[in-house]
Amino acid sequence: MNFDKFYYILEIIGTIAFASSGAMIAIRKGMDVFGIIVLSIITAVGGGIFRDLVLGINPPTAFIKTTYTTVSVISAIIVIIIYKLIDKKKFLNMNFLLTYVKIISILDAIGLGIFTMSGVNLAWKMAYGSNRYLLIFVGMTTGCGGGVVRDLCAGAIPIIFTKNTIYAMASLLGAVAFIFSRQYIRHHYAYLLGVIVVIVVRLLSMKYRWSLPDVRSDLIEDGPNQ
């Protein structure tokens with residue numbers, strides 16, 4: 001099996017997932033068609049651009065291979081069409097909003113898992129396999145970068161910095177799983193394991209509301225007692 005093609009297919013799936021989540025958020029924020037498409041592209045390729053800059057790939061792959069941008073635009077247009085076909089009253093219904101949040105979360109988790117491993121994999125191919133810190137950093141940058149820019153453009157605090165979420169940590173755990181399992185199993189199996197770890201940790205954290213401590217709220221609660 002041609003595993004380079006396999007990785008490429010996974011990256012396309014991740015692009016569709018991230019682009020769709022970006023488009024859906026842009027629609028909820030009331031952006032016009034241009035804004036929806038731009039946010040979709042930024043979400044999908046932003047992390048890859050950061051990854052390439054860190055690894056010294058210039059110009060970044062997103063500006064050389066237009067496939068990712070094209071897929072992002074098509075994904076955004078499909079989301080727009082689906083939105084137009086939905087009854088607007090239904091779109092504002094609380095049950096539909098809950099479904100919307102779940103869809104966004106699943107798409108985001110898939111994109112996070114695939115692009116985290118994409119970053120680690122590329123750094124490994126560039127002979128940085130012995131530098132575990134770089135591998136993890138590049139993986140997390142690739143997985144989280146697009147989402148950070150998306151949230152900033154949408155006027156929201158980036159999801160990786162909010163309390164009620166395990167996002168960057170899911171990316172980190174997936175990268176670590178890839179790096180250490182690579183010593184015992186084949187490279188492509190380690191890649192898939194990393195993707196699965198990220199997705200599972202991310203989805204479980206949302207289901208059971210896992211989160212890191214919020215230091216500020218602890219200080220506020222302790223304040224009156226001092």
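In which helix does Ser21 lie? Ser21 belongs to helix α1, which spans residues 3–28, helices being DSSP runs of H or I of at least four residues, and strands runs of E of at least two, numbered from the N terminus. The structure is a predicted model, in which local features need pLDDT of at least 70 and side-chain atom pairs count only at pLDDT 80 or more, whereas totals for chains, interfaces and linings use all residues. Residues are numbered from 1 along each chain as its sequence is written, and side-chain values use heavy atoms, with hydrogens and water left out.

With a relative accessible area of 0%, Ser21 is buried (buried means under 20% relative accessible area, exposed over 50%, and partly exposed in between, with a 1.4 Å probe and protein chains only). A polar atom of the Ser21 side chain lies 2.7 Å from the backbone oxygen of Phe18. When residues up to four places away in sequence are not counted, Ser21 touches Thr43, Ile104, Leu107, Asp108 and Arg150, contact being defined as heavy atoms within 4.5 Å.

The largest nonpolar core comprises 56 residues, and those with the most contacts inside it are Ile36, Val45, Leu112, Phe178 and Tyr191; such a core is a set of buried Ala, Val, Leu, Ile, Met, Phe, Trp, Tyr and Cys residues joined through side-chain atoms within 4.5 Å. At least two residues of this core are supplied by each of α1, α2 (33–55), α3 (67–85), α5, α6, α7 (168–181) and α8 (187–207), and the largest share, twelve residues, comes from α1. Tyr191 touches Tyr7, Leu10, Ile114, Met117, Ser118, Asn121 and Phe178, again without counting residues up to four places away in sequence.

Gly129 is found in the loop between α5 (94–128) and α6 (132–153) and is partly exposed, with a relative accessible area of 23%. Although Gly129 and Ile179 are 50 residues apart in sequence, their C-alpha atoms are 8.4 Å apart in space. Apart from its neighbours within four places in sequence, Gly129 is in contact with Ala123, Trp124 and Leu135.

As for the cysteines, Cys144 counts as buried at 5% relative accessibility, while Cys153 counts as partly exposed at 44%. A search of the whole structure finds zero disulfides, a disulfide being a pair of cysteine sulfur atoms within 2.5 Å.

Technical notes: Polar contact = N/O pair within 3.5 Å; in protein donor to acceptor, adjacent residues only side chain to side chain.
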